Amino acid sequence: MKKVDTYMINKIFTVPYFDKMISNNSDLESFSKCVKRFIKREDATIGEVISEIYHFMDCEYRNEYFYKNTILNQLLIKKHDLYNTAALTELPIGSSKADFILINGRGKVYEIKTDLDNLLRLENQIKDYYKVFSYVYVVVGNKQLSHVKQFLKDQKVGIYELTTNGKVICRKKAFCNKEYLSYEAMFQVLRKHEFELILLKHFHKLPEVNSFQYYRECLKWLKKINIITLQKEVMQCLKTRTVMLVENNLEEKVPYELRYYAYFSKKVDTNFQNIDAFWNARMEG
């Protein structure tokens with residue numbers, strides 16, 4: 001496969017790019033170029049085009065979007081639910097960014113290593129994730145599976161495989177690890193109003209210091225809370241950020257290929273009507 005093809009696919013299958021196409025039909029040049037390479041029919045709908053490219057990705061080029069969309073469909077929608085479980089993506093933790101997170105009663109991090117990735121940063125990424133979360137999984141394809149199994153054989157980290165037939169299967173269960181929890185790391189993932197809510201809950205007031213000292217003093221107060229208790233509070237804050245409303249029936253209203261986009265876009269209407277109109281529109285030119 002030519003390098004330019006993969007570049008275009010990676011550019012198109014992102015939340016910002018779909019936002020542009022769906023909100024005002026802008027930035028379609030790369031999409032049109034990609035279509036001409038993969039789709040020969042001129043009367044296709046945009047949805048048919050996306051489905052065919054996605055099928056190509058499944059067979060030939062499983063990039064990060066493909067992995068994330070599959071995890072959301074199979075682990076969130078099918079195994080959990082949208083109303084009691086929240087998903088987050090690209091959450092900064094230390095010097096790493098967690099690819100995918102699911103939070104219900106507990107928080108689980110899913111670090112994706114596609115067949116295109118190497119494992120050089122994996123050890124440090126896992127260390128960072130354990131500063132906030134107690135359950136970590138690595139999600140890999142078949143080519144990476146044996147290497148990751150060997151790498152993680154004596155660790156509490158779990159493994160999921162994205163199989164050749166598109167199923168996400170647990171190959172090694174993750175076990176709870178609270179040994180490396182960090183007050184500083186948990187404080188850093190919280191937004192200002194979130195850590196203030198935690199402080200008010202436990203101390204019924206906030207620090208009365210100048211703005212220069214405020215954050216340092218808030219962290220000092222948080223360190224007075226039992227770290228396991230604080231972790232539960234952090235999980236609740238993170239869950240509240242993205243848990244879907246009951247009326248947002250993602251599985252019924254959004255095509256499989258765009259559910260990751262629909263979940264994480266901040267520009268999608270609550271009834272997904274803009275996605276439906278985009279999906280059924282005819283290609284132009």
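Predicted model: local features only at pLDDT ≥ 70, side-chain atom pairs only at ≥ 80, totals over all residues.
User: Which residues of α6 are called buried, and what makes a residue buried?

Analyst: A residue is called buried when its relative accessible area is under 20%, and in α6, which spans residues 122-129, Leu122, Gln125, Ile126, Asp128 and Tyr129 are the buried residues. These residues cover an arc of only 160° around the axis, and therefore they are on the same side of α6.

User: What covers the buried residues of α6?

Analyst: Contact means heavy atoms within 4.5 Å, and the elements that cover these residues include the strands β1 (86-93), β2 (96-103), β3 (107-113) and β4 (135-140), together with α7 (142-151).

User: What makes β1 and β2 a pair of strands?

Analyst: Two strands pair if at least two bridges are found between them; β1 and β2 have 7 bridges, in the antiparallel sense, so they count as a pair. Pro92, for example, has Lys97 in β2 as its bridge partner.

User: Why are β1 and β6 said to stand at the edges of the sheet?

Analyst: The sheet is open and consists of 6 strands with mixed pairing, in the order β1-β2-β3-β4-β5-β6. Because β1 and β6 (168-172) each have a single partner strand, one side of each is left without a neighbour in the sheet. Neighbouring strands of this sheet are turned against each other by 30° on average, with direction ignored.

User: Which strands does helix α11 lie across?

Analyst: Helix α11, residues 227-242, lies across β1, β2 and β3, and runs at about 120° to β1.

Technical notes:
Residues numbered from 1 in each chain as written. Heavy atoms only, no water. Buried < 20%, exposed > 50% of the residue type's maximum accessible area, 1.4 Å probe, protein only. Helix = DSSP H or I, 4+ residues; strand = E, 2+ residues; numbered from the N terminus. Arc of directions from axis to C-beta. Axes fitted to C-alpha atoms, helices over the stretch in contact; angles between N-to-C directions.
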